[in-house]
Amino acid sequence: GRSARGRLLGAAPLYLKMHSDGEFCEENEWIKAAAELGVRHWPRAFVGIPFTPHQGRRLLVAASLGAQDRARVQRALVDALQTLSCRTQVSVNVAGCLDEEAG
């Protein structure tokens with residue numbers, strides 16, 4: 001998102017995955033559950049760093065913001081990811097995020 005002055009306030013690294021290549025976890029149970037529910041497992045919007053099994057911040061928020069504004073921007077990013085998923089009928093996977101982001 002951007003501020004009224006056009007300054008970038010938040011972002012999330014996101015790309016569309018069509019396969020499980022480069023995953024660092026077993027997805028068999030997720031794929032099975034999706035099939036049982038009649039939900040497509042692929043494509044999937046992936047929020048993370050490609051081929052990187054390290055935990056770290058995935059919802060990027062401007063460091064210059066105060067704590068309350070940072071929380072608002074982070075919430076707006078989560079809301080945007082949920083909206084993206086609902087509108088496109090594509091699941092969103094936020095991989096390796098910090099505990100505070102998983103909220």
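## Exercises on a predicted fold

Gln 89 sits in the loop that connects H2 and S5; helices (H or I, at least four residues) and strands (E, at least two) are DSSP runs, numbered from the N terminus. This is a predicted model, where local features need pLDDT of at least 70 and side-chain atom pairs count only at pLDDT 80 or more, while totals for chains, interfaces and linings use all residues. Residues are numbered from 1 along each chain as its sequence is written, and side-chain values use heavy atoms, with hydrogens and water left out.

**Exercise 1.** Work out whether Gln 89 is buried or exposed, and look up its phi.

*Solution.* Start with the backbone: Gln 89 is not a glycine, yet its phi is positive, about 60°. Next, take the cut-offs: buried means under 20% relative accessible area, exposed over 50%, partly exposed in between (1.4 Å probe, protein chains only). With a relative accessible area of 58%, Gln 89 is exposed.

**Exercise 2.** Find the strands that pair with S3 and give their directions.

*Solution.* Two strands pair if DSSP finds at least two bridges between them. Strand S2 (residues 14-17) is joined to S3 by four bridges, and the two run antiparallel; here Lys 17 stands opposite Arg 44. Four bridges also join S3 to strand S5 (residues 91-94), this time in parallel, with Phe 46 opposite Asn 93. Finally, check the faces of S3 (residues 44-47): Arg 44 and Phe 46 on one side, and Ala 45 and Val 47 on the other, are all buried.

**Exercise 3.** Describe the ring of Phe 46 and its partners.

*Solution.* Rings of Phe, Tyr and Trp (its six-membered ring) pair if their centres lie within 6.5 Å; planes under 30 degrees apart count as stacked, over 60 as edge-to-face and the rest as tilted. The structure holds one aromatic pair. Tyr 15 and Phe 46 form it, at 5.3 Å centre to centre with 55° between the planes, so the pair is tilted. Tyr 15 in S2 and Phe 46 in S3 are 31 residues apart. Tyr 15 is partly exposed at 28%, whereas Phe 46 is buried at 7% relative accessible area.

**Exercise 4.** List the contacts of Gln 74.

*Solution.* Gln 74 belongs to helix H2 (residues 67-88) and is buried, at 18% relative accessible area. Contact means heavy atoms within 4.5 Å. Not counting residues up to four places away in sequence, Gln 74 touches Arg 57, Leu 59, Val 61, Glu 100 and Glu 101.

Terms used:
A charge sits over a ring if NZ of Lys or CZ of Arg is within 6 Å of the ring centre and within 35 degrees of the ring normal.
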